[in-house]
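This report describes selected parts of a protein model with several chains. Please look at the structure first, then read the sections in order.

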Amino acid sequence: MKLSLPLAMLLALSLAPSARAANEADYKAAYAAAEAASKEAAGMRNQWTVTVSALAAAKKAADGGDFDRALAAAKEAEALAKASIFQATSEKEAWKAMEIR
Amino acid sequence: MTTTTGPHPTRRLILQGAASVALLGLGNLPFTAAPARAAANDKYPDEAFKQKNEADAIKALYGKTAEPSDKVKLDAPEIAENGGVVPISVTTTLDKVTSISFFVAENPFALAASYRIPDGTLPSVANRLKMAKTTNVTALVEADGKLYSATKEVKVTVGGCGG
Amino acid sequence: MASSIRVRATSNGDITEVQALIQHPMDTGLVKDSKGEVIPAHFIQQLKFECNGKDVFVADWGTAVSKDPYVKFSFKGAKKGDELKISWTDNKGGSDTTTAKIA
Amino acid sequence: MKPRIPLLLGSLSAALVAFVLTSPGVVAADKVDPVADAKAFQNFFFQKFPNVKHEDFVNGPYSMNEDMKRQWQEKEEFPPYEFALDAGKEMFSTPFKNGKSYADCFPNGGIGIRQNYPYFDEKEGKVVTLELALNRCREANGEAPYSYVKDEMASLTAYMAYTSRGKLMDIKIPDDPRALAAFENGKRYFYTRRGQMNFSCASCHVQSPGERIRAEILAPALGILNAMPIYRSEWSGMGTTSRRFVTCNSQTRAVPLEPQADEYRDVEYFLSYVANGLPISGPGARP
C-alpha cells in the first residue's frame, strides 16, 4: 500500500521549537490557527479523527496550565488539519488514478 | 444416573474423594482417590471454573492427568476469524465416554466448557468459545475412567486496520 | 417474548442430532462499558437436555462460552415426535426452558 | 507513533504522480457511463479471481479463503443473526399506533423487494436507501425514527433482505442527469483516499481483497453490500450498511459523516449498481 500523503505539516513541524517556555498567548494563537484549519477541513467533509483528538489534548493541557504541551498539541492539530485539507484538494482529481476502467 | 465404571465406589471412598477434591482446590495436597467425575457430583463444578491455569483446572475437574491420544479428534480453526466466536468441536472413537471438556490455556480462566455424556449420547460436541489471544485449545475426553486429550494452537488477533 | 432458546432436533435412524442457539449476553465480568464501569459477570452456567425423562446432555459453561451460545450433539434412543426438554440457569439465578419435538 | 519521514517522501511522490496523471487522463473519463463502469468493475474481479464463482463474490471474505469459509459454514448451520431475523419479522407484522404497518409503505408489502434498493427518487432528486425508506415510513405513520446504526434498523433490514435472498441485485439508474451525478459522486467517494491512514474504500476492497488485514480477510468490493445487514462477531451484534460505512471511516482515522449522508447514499447506489446480477445474500454473518 503506497502510503503517499501530501503533508505540508512536515514542513510546519520541522520549525525549530522556540527556546523560552510557551505562555498562554502563544498557546491561544496556535490554538486559534489550529481550530480555523480544523473547521476548514470539516467544511470539506474530510476531517481526521486525530486532528479532533489533538485539539482536545491541547485544550486539556492548557486547562491544566501546561502551556508547553498545549502549544505542541495545538501545533500538531493545525498541521494535521492542513494535511487533511491538502489530501482533500489533491484527491479531487487523484482518485481517478485508482478507478477501474 | 449411570453407575461409575471405576472401582465400586463405597460411601467412604466417595466422601474421601470429595474431600480431597475440595482440598485439591487449594492446589496443595497430592490427590489420592480418583472418583469418575460424571458420578461424583451433579452440581456445577464451580471450583474448576475458578482455576486460572489449565493444570489446576483439570485437577479440580477430573482429579487426574490426561494422556494425548490420536483417538480424540479436535477440530479448531488455524486462525480464528474472531476471538469472540471460535467454532471448536471434538469427536472421538473411544467408547464408554462419560465427559468431554474444553480448555483454552491462556484465557483468564482455563476451563471453558464441560459436558456430561450420559449413556446413549454420542461422544462428540461442537460449540463456540471465546479466546483471549493466540493459545492452545485442549479437548479432554473421559472414557472408561481414564482421561485422553488433543491440543491445537489457534491464532487469534484483532481485525481491522487502525482506528 | 419468544423463548431465548432456538432448537433444531432432527432424527435419522436411531440417532437424533440436536443443535441449540440461546440468546444470552454471556458477560465475562472482565469487560468495561463505554463509561468505564465493569459489566458484571452474567453467563449461563448449566444447560440441560432431557428426553423421555432422562438427561441426554448436560453442559456446564464458564465465562469463555461465546455470546448467544451454540452447541451441537447427538444421542441415540429417541424417535421422531419425541419431546426434548431444554432448560438453562445462569449465575444470576436467571433461567429459561422450552420443549421441542424431534423432527 | 508519527511516521514522519516516510510520509514526507510519500507525499512528494504522490503530488508528482497526481500532477502527471490528471493532465492527460481527465479528458477520457468525463462522460458518466454506468453500464460500462459496471462491466469493467465486474470483469476486474472475475479476471483477478478466475476460480471464484461469480455468485460467490457476495460472500465477501469467505469467497477468498477456505479456512474462513469453513468457519462461516459452521456458523451458517445456526446463524447468529437468527434472533435479529425473528425480531424483524415480528416488527414487520406489528402495526403502528395508527394501525398501518411497514407493509403499507412498500411495494409488494415489503416482501422480496430489497434487491431494488437503493433507488433514485426523481421527485426528491436523490438516492433513497432501504434504511432511509424504513425511517420515512415510520415518520409518515407518526412513529419515532430508529437509529441507523442500532439493532432495530438492522432487524428490519435483515428480515427484508431475507425475503429477497437469492434474487439478483437489480438497481436502476433512470435517464436523469441527477441520477448520473449521484452515481458518479458515489464512485468518487469510493475511490477517494481519506483519513490519516490515507486509504480509500478501493485501497482495501479493490487492491487487496483476499489478503489479511491483521486477523481479517478483506472482502472484494464486488457484491460487498449484497449481504447487508451483517452480524459481525467483532461487534457481537447486527450492523446496518450505515454502521459499516461509519466504522470503516473511523478505522482509517477519518471522522465519519452523519449516517445516510448524501455521500453514503451515493456510494451505496454505486456499489449496488455495479453488483447488478449478483444474488442478495443478506442477512450475512461476518468476522
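## A helix in chain D

In helix α9 of chain D, the buried residues are D:Thr241, D:Ser242, D:Arg243, D:Arg244, D:Phe245, D:Val246 and D:Cys248. The model is a predicted one. Just after α9(D) comes D:Arg253, which has a positive phi of about 65 degrees.

Chain D as a whole contains 10 helices and seven strands. Of its 287 residues, 48% are buried. Consider the contacts in chain D between residues at least 6 apart in sequence: 74% of them join residues at least 24 apart.

## Four annotated residues

Which residues of chain D does UniProt list for "binding site"? The unreviewed entry gives D:Cys201, D:Cys204, D:His205 and D:Cys248. These residues span 48 residues in sequence, yet no two of their C-alpha atoms are more than 11.5 Å apart, so they gather at one spot.

D:His205 lies in helix α8 (residues 201-205) of chain D. A residue is called buried if 20 or more other C-beta atoms lie within 10 Å of its own. D:His205 has 21 C-beta neighbours inside 10 Å, so it counts as buried. Leaving aside residues up to four places away in sequence, D:His205 touches D:Leu218, D:Ala219, D:Pro220, D:Ala221 and D:Ile224. D:Cys248 belongs to helix α9 (residues 241-251) of chain D. Is D:Cys248 buried or exposed? It is buried, because 20 other C-beta atoms lie within 10 Å.

## Strands of chain B

Strand β7 (residues 135-143) of chain B is mostly covered, with seven of its nine residues buried. Strand β4 (residues 97-104) of chain B runs antiparallel to β7(B), and seven bridges join the two. B:Val104 stands opposite B:Val137 of β7(B).

β7(B) is also joined to strand β8 (residues 146-154) of chain B, by nine bridges and again in an antiparallel arrangement. Here B:Thr138 has B:Thr151 in β8(B) as its bridge partner. Two residues separate β7(B) from β8(B), and the strands form a hairpin. In the turn, B:Asp144 has a positive phi of about 50 degrees.

## A sheet with strands from chains B and C

An open sheet of six strands contains strands of chain B and chain C. In what order do the strands stand? The order is β2(B)-β3(B)-β6(B)-β7(C)-β2(C)-β1(C), and the pairing is antiparallel. β2 (72-75) of chain B and β1 (5-12) of chain C are at the edges, each with a single partner strand, so one side of each has no neighbour in the sheet. From one strand to the next, the twist averages 15 degrees.

Within this sheet, strand β3 (residues 86-92) and strand β6 (residues 124-129) of chain B pair in the antiparallel sense over six bridges. The bridge partner of B:Ser89 is B:Ala126 in β6(B).

## Where chains B and D meet

How many residues of chain B are in contact with chain D? There are 15, and they are in contact with 18 residues of chain D. On the side of chain B that touches chain D, six residues are nonpolar, seven are polar and two are charged.

Terms used: Residues numbered from 1 in each chain as written. Chains lettered and ligands numbered in written order. Predicted model: local features only at pLDDT ≥ 70, side-chain atom pairs only at ≥ 80, totals over all residues. Contact = placed C-beta atoms within 7 Å. Nonpolar A, V, L, I, M, F, W, Y, C, P; charged D, E, K, R; others polar. Helix = DSSP H or I, 4+ residues; strand = E, 2+ residues; numbered from the N terminus. Buried ≥ 20, exposed ≤ 12 C-beta atoms within 10 Å, placed from the backbone. Pairing = 2+ DSSP bridges. UniProt positions renumbered as here; feature names shortened; annotations may be inferred. Axes fitted to C-alpha atoms, helices over the stretch in contact; angles between N-to-C directions.
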